[in-house]
Amino acid sequence: MNSNHVTVDGVQVELNGERNVLELVRKAGIDLPTFCYHSELSIYGACRMCVCEIEGKGLQATCSLPPEPGMVLRTTTEKTLRIRRMALELLLSNHCGDCPTCSKNGQCRLQTLAQQLGVREIRFPKPEFTHELDESTPSLVRDPGKCILCGDCVRMCREVQGLGVLDFSGRGWDVTVNAAFGKPMAEVECVQCGQCVSTCPTGALTVKNETNRAWELLYDTGKTVVAQVAPAVRAAVGETFGVLDGEVAMGKLAAALRRLGFNKVYDTSFAADLTTVEEGTEFLKRLATGERLPQFTSCCPAWVKYAEQSFPDYLDNLSTCRSPQQMFGALAKKHLPDELGVASEALVVVSIMPCTAKKFEAARPEFATEGTPDVDLVLTTQEIIRMIEQAGIRFADLAPEALDMPFGMKTGAGVIFGATGGVAEAVLRLATLGSDPKNRNSIDFHDVRGMDGLKEAQVTVNDRVVKLAVVNGLENARQLMERVKSGDSDYDIVEVMSCRGGCIGGGGQPLPNDMAARERRRKALYDCDRVQAFRNAADNPFVQEAYRKWLDEPNSHTAHELLHTSYSHRRRRANETIGVNESHDPNMVAVKVCVGTGCYLKGSYDTLHRLMDQADRLGYSDRLDVRATFCFENCGGGPSVEIDGELYSHVTPDAVNRLREEVIEPKLGYTPLVKEKAPNA
Amino acid sequence: MSQLTVERPMKADRSFARVQEIIQECGATESALIPILQRVQDEYRYLPQEILAYISTALRISPATVCGVATFYAQFSLEPKGKHVVRVCDGTACHVRDNRALIESIRKRLRLKGKEKTTVDQLYTLEVVNCIGACALAPAVVVDEQVYGQMTGERLVKLINEIDAREQEEDL
Amino acid sequence: MTTLTPILHPEALDTLREQASAVLDSDALRVVVCGGTGCNSNGSGAVYEALLAAVEERDLPLRVDLLDEAEMDALSLTFSGCSGFCEVGPIVRILPEDYFYVRVKPADAAEIVEKTLMGNEPIQRLMYKDRHSGEPYARRGDIPFYRHQVNITLDDCGLIDPADIRQYIAHSGYKALADSLFNQTPETVIDEVTKSGLRGRGGGGFPTGVKWNITHKVRGEKKYVVCNADEGDPGAFMDRSVLEGNPHAVLEGMVLAGYAIGADEGYVYVRAEYPLAVRRIRHAIQQAEEVHLLGDGILGTAFSFHIKIKEGAGAFVCGEETALIASIEGQRGMPRPKPPFPAQGGLWGRPTVVNNVETLANIPKILRNGAEWYRSFGNEKSAGTKVFAITGDIVNTGLIEVPMGTTLGDVVYKVGGGIRGGKQLKTVQIGGPSGGCLTTQHLDLPLDYDSLRSVGAMVGSGGLVVMDEDTCMVEVARFFMTFTQSESCGKCVLCREGTKRMLEILEKIVAGNGKVEDISTLEELAETVRDGSLCGLGKTAPNPVLSTLKHFRDEYLAHVVDKRCPAGQCAAFLNYSIDAAKCKGCRLCGKKCPVDAITGSVKEPHLIDQEKCIKCGACFDACRLNAVLVG
C-alpha cells in the first residue's frame, strides 16, 4: 500500500495536506453530511453527522480527526447511519417543523438531510414552541424555534466578525442561542452584516423578507420604480439559475427586473464610480495636508456601524463619502424626476444589494430628505431571486438587455467595488493614472486582490509613497484598528469590508455563500472589469456629465451636500444603569457616570469612585443619587458625567474636584466650612 | 429564557465599589471571569444584568459571552437569592436514603409553590443540588454553608424555625 | 502559627523529618479528632474544644506545637482530615494504642481524659460495636471496616494534621520530590511511574506514566499540570477526603508531574461545593511555598513550580478534561473534540497533563517505595489500590481503600458489613451515574478496570452505591438519567436531545404509561448516544439504562406490560388508603403528611385525598396501628 494514502470505503485517496479526515472524505467524492463544520470556522464537533468507523479507532467524528497515512475508514455503516438518522430524528423532534411555509424551505440542510437519509418517523413528542420571532432589526429575522444549536452563527460572529453578539445561553436541554440577556438584536451591538444568516443551516436566521413590499410598490401604477443593482449582485444572482457569467447575468437581471415591473434599471456601479472620484479627491486632499490619516473607506454600512460603536476616536478618519447606494439614492431622488419627467413623490428607488446591512443603512435618518428615504426599499439578492421565481420567469432563457442611461453607465472600477480590494484598486487607478506617468501601463493592482484577510500595498502618488491596507472580515478590521490605535502601523488609506471576500460574500447573497462561492464570484467580477470600455472611474462619461450638470467639481459644496455624510457615536446596547448610591432626599442631585467601554478606558470608574469618596467625606453622599450608566453617545468627550440631565465631558478623575465645586455643590447649596481643607484626594 | 428578559430596577447600594475591586484583584482577563462572577455573586447574592454588562466592559468580553458563562454554571443565579440558602443534596446516596419527604417538608414549611425557589420575603432560597460529597451522612442538607447529616424533615424545619427566631431578634 | 524555615537542600528536609517524626511517632499520647466534612458537621469541633478544656483543667502537659519545647511525653491534641468512616463520627483516635472512639460528644471529654489519657483505660461505651453481634472493638485496626482495607492513599488521612506540613514531612512527605530533583531525571521519574502500572483513578484508567511521557515529549516552552478535583459523581467523595486529609500528597504529586513533563505551573480545579477542601489545599499551598517546597527555586534548585486554585461553579461536565480546561480559561465548560488531546494542546493550547486527585496522591508513594512495591498490590493489569465510597443500603458506609481486584462480595460483605436491616442485596451501582449496575451474580467479580468494563460497568471515580431488594431498577435508571440529563452541557446533539428523550421514556414507564415499543426505542437511543456522543459524559450517560436493561429487563416489562412495579416502589402503581377498622383517629398520619392530604377528626377514621396524595409513604411510616394500606 502506498504510504501516503488513506482508504475511504475501499478506495485509496491520496493525502494532500487536508486538515481533517472530513475534507479527505469529501475529496474522495462522498458528501459526508455536517451541520457544524465550516472550513473557515473553528472545529466544533457537535452535530455528530460526520462520524465514520476508523479501523483501530472505532467511531470518530471526522471533522476533528487529522488524517494519517494508512488509515482505513468506512463512511456508511450500520452504526454511522444509525447515528446520523437518530441525530436528525432528535433534531426534528425539537424543531418547530413549519417547513412548507419556512423561508428556508428547499434550502434547509436539516430538511435536505432528513430527506436524503430517509428519516420517515419521529418517535418523540414535540415540545411546545413558545419562542417569539425577533424581527427587531431592519435586516434579520431570528426564529429560535428553528435553531438546531450547531453554533455556526456564534462562531461566525465571534471568530470572523470579532463581535460575539450571539452566544449560547443556559445548559443542556435549555441551551439557546441568544444575544446578551435574551435581548432583541436591535438592542445589542449587531452590525447586521448577515454573516450569521449565510452560515445558518436552517431557518433560524434569515434575511428579513421585503418582497411583498416590493410587489406593492410595483403594483402601484402611480409610482415610477427604479432599480439600482449593486456590483456584487451580478456575480451571484445567476447561480440559482445556472448563469455564472457576471456580465450575462447582469443583462438577464435587467430583463427580469423590467418584466417584474421596474420602470428603469440602473447600476450602483455608476454611483461607485462617483464614490471613487469623491473619495479619491478627498484622499488626495488629506494626503496633501497629512490630516485625518489613515483614511478609512465608508462604503460598507456594517463597518460604519461597527466603527461608530467601537472606535469613536477614529470617526474623523472615515471618508465622509456616502456609500454608492446612498449616493445613488440622493442623486436619483434629486435629479431623476426631472430626467424622467415624473413627480418627485412618484419616484421610488429600490436597490438590489448583496448585503443585509444595506437595509439598515437605507433606514438611517440622515439618509432621508424631508422625511422620505433616499432609498425606499432594499432587496437582497436572495429576495430578488425569490421574486423572479414567484413571477415564474425562466431567468436562464432571458435575452440579456442593456441598462438604462445615464445611471446605467459604469466602469470596471465601479464593478470591482463588490470584491475585497476593489474600492482600494478603484481609488488607486484614479490616483495613479491621473498623476504618475510611470503607472500609466498598469491598471491592475494585484497586491490588493484575493481573499486574504489583510492585504497591503505601496504605490507612489505625487512622488509620495502611499501605504494602503485592505481588510475584510470585521475581526481582521478590529486587529488592524488595534494596531492603528497603538501606533504600530503607518497606513495612509485603509479599505474595510465587513464580510469575508467583500460584498460578494454579503449576508444577502444566495446560498451556499461559502468561501468557494465567494472566490468564484470574485473572479466573475474581475472578468467583468476586464471587458469594460472604461476601467478608471474618472473616465465614466456620465460621471463627468453629472459634475458638469449638477455637482460642479469633486468635493464641491454641492457634492458635499448630496454625496457626503457625517458619523456619530453610537451606543452598543440599550441603556442600562447600575445603582451606586440611592438618595431619598427630595432635593437630591442626580449624577450619572458613563462606564461604557470608551469612558471606562479613560478612567471613568475612578471618576465615579473619587466622586463618591469625596461626597462621603464631605458628608453629603446621602443627597446624591448616583448611577453608573452605559454610554451617553458622547464617546469622544469621555469620561462623560450627567448631572441633573446636563452632560459634562472630559471628567477625568483629576477633574472631579472642579465638577464637584462648580456644579454639584452649588446645586446642593453646600459651602465648604474651610475651603482649604477640602480633600484633594 | 424568561429569566433573562426580566427587567428589574436594581437597588442602589455600595456593592458596586466592590465590583471594581474584585475585578482588579482577580485581573481583568477572560480566565478570571468565573472567579469574578463568584465573588460578585457573594456581594449581590445574585448576578444583576447591569453588573454583568459592566464586567463585560471591564474584561473586554462580549456581553453575550459573559451571559453565556453566567447561565452555564449552576452556581450562578441571575435572580436574587434569599438571605439564607438551604441546599438539599440529591446525590445518589441521599436519594437512596429517601430525601423526597425531606424536600416536601421543607417546601411546605417555606410555603414554596410550583417552581419557586425563593420565599416571598426573600429570606430563604431552597435548592436541590447535586452530590455535596457527604454521602456517608445521607440524607444531607447544607444550610448557609454548614453541612447537616442524617437529616429529617422535622429537624430541618426546626433548624429553619431557629433561623427565623434569630432573624426576628435582629429585627427588634 | 509557628514560622517555618525555608528548606533549601535535601539535608534540611531530612533533619526536619527526623525531628518531626521523633515527636509525632513517639510513645507520647496523641489525641486525633477527625475534622473531615462529615465529623465536622456532626460536631467534632465542639468535641475538640471540650477535650482541650478537660486537658487544661487537669493541667496535663500539652504540646501546643509539633516542635515546641514541651517534654517528650507531653500529649498532643490535633485535628485530622477525613477518616472515611463518617457515619459513626465524630471520631476520636488515641495513639499510640490507637483506641478508636465513635459518636463522641463534648460531654464525653472528661471521661476520655480521665480514663483513657490518664489511666490508659479504654471506654467500652465509645467503641465501635459490631452491628450483628454487638461486640465492641477497642482499636481501629480491629474494626472489620478497617481491617480488610489496604491503605496507601488514605493511610495518613485521618491521622496527620493536614494543616501542618511538618506532619506530612514526618511521614516521609516530599522525600520523593527531593530524591527526584537531586537524583533522578524527568525520564527516570516517568519510567518509574510507567513501571508501577498506575492508571488514572478519575475513571478513564489511562496509564499515568504513558500520559506523562507523551506530554514530556511534546515540545513546548510552557506546559501545565492540572489536578482534576471536580469530583462530581454523586456517591463519591474520595477526592474531597484526600484533599481535606492529606493535601500535601496531592501537591507533591503535582510538583513531581511538573518536573517530569517540564511544567512550571499547575492548577487545582476543585468543586466549590467542597469549601473545607478548598481551604485546606489553599493553606497547604501557602505552607509549601513558605518552606520552598513549592514556588520559585524548590529545595534550593533552579526548578520552580507554582500552583493556583480554580474553584468550579457547579457543572458536572467539568470533570471531563477538555471541559475543565475550558472552565479554567473562563469559558462555558463544554467539552471539545479530541484530538488534539490535552497532552498536545490543552490549557491555552499548551501541552497539559490532567490527573485526578487520587492519582496524584499515589505518585509520592510510588516514587518513594518503587514501582515493584506498588505493583505488589492489585492485579496484573490494575496495579495498586483503589479508594471506593460505599454508600446506600449497606451497614458500614464510608470511604474504603482496597487492592485493585478485590471482589465485589468482599467489599460488600467484609468491609461493608452486608446489607442493612437484614435485607438482600439487589444491585450495586458502580462508577457513578454513568457507571453500571452489578448484581448478585457479580459477587466474585474482581473490581478492576478491565473486569468491570467486560460487564458493561466501570471503575469511574469509585462510587459504590449498594441497593437492597426494595429497589426498583427502572426508577434507579430514571434517577441517574435525571442527573446526566440535567448535567448535559447541551453541546452535542445526541447527548443534549438523547438524554432528554431517554429520561422522558423512563418517566413515562415509571408513571405507568409505558408501552412495549418504548423499551426498544429506549434501547436504540441508549446505544446511539453511547456510540455517537462527543465526550465521555455523553458516551457513558446511557450506561444505567443499558445495564439495567441487560440485567433487569423483566422489571421494565413488568412496568409496561403488567402495569406493576415488582419492587413496590413506583408511586404510580401504588395507592395509599386507610383501613377504617384499624384507624383510631390519632392524627399522627395527618401531621406527617407533607401535602395535607389526610382529613378526619380526632378519634374518627381518617381519609386520604387521592388527588392530593403524592404517595410519599410518610403516613405509612407514621402509623403505629398498621392502618395505612399500600396497594
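**Chain B and its two partners**

Between chain A and chain B the count of salt bridges is 0, a salt bridge being a side-chain nitrogen of Lys or Arg within 4 Å of a carboxyl oxygen of Asp or Glu. This is a predicted model, in which local features need pLDDT of at least 70, side-chain atom pairs count only at pLDDT 80 or more, and totals for chains, interfaces and linings use all residues. Residues are numbered from 1 along each chain as its sequence is written, chains are lettered from A in the order in which they are written, and side-chain values use heavy atoms, with hydrogens and water left out.

Let's stay with chain A and chain B for a moment. There are 6 residue pairs in polar contact between them, both residues at pLDDT 80 or more; a polar contact is a pair of N or O atoms within 3.5 Å, where within protein one must be able to donate a hydrogen and the other to accept it, and residues adjacent in sequence count only if both atoms are side-chain atoms. On the side of chain A that touches chain B, strand 20 of chain A gives the largest share, 5 residues; strands here are DSSP runs of E, at least two residues long, and helices are runs of H or I, at least four, both numbered from the N terminus. The contact takes 41 residues from chain A and 31 residues from chain B, contact meaning heavy atoms within 4.5 Å.

Which residue forms a salt bridge with C:Asp596? The partner is B:Lys108, and the closest N and O atoms are 3.2 Å apart. Across this interface of chain B and chain C the rule finds 2 salt bridges, and 13 residue pairs are in polar contact (both at pLDDT 80 or more).

Finally, look inside. The largest nonpolar core has 197 residues; such a core is a set of buried Ala, Val, Leu, Ile, Met, Phe, Trp, Tyr and Cys residues joined through side-chain atoms within 4.5 Å, and buried means under 20% relative accessible area (1.4 Å probe, protein chains only). Helix 20 (residues 493-510) of chain C gives the most to this core, with 9 residues.

Key
Buried < 20%, exposed > 50% of the residue type's maximum accessible area, 1.4 Å probe, protein only.
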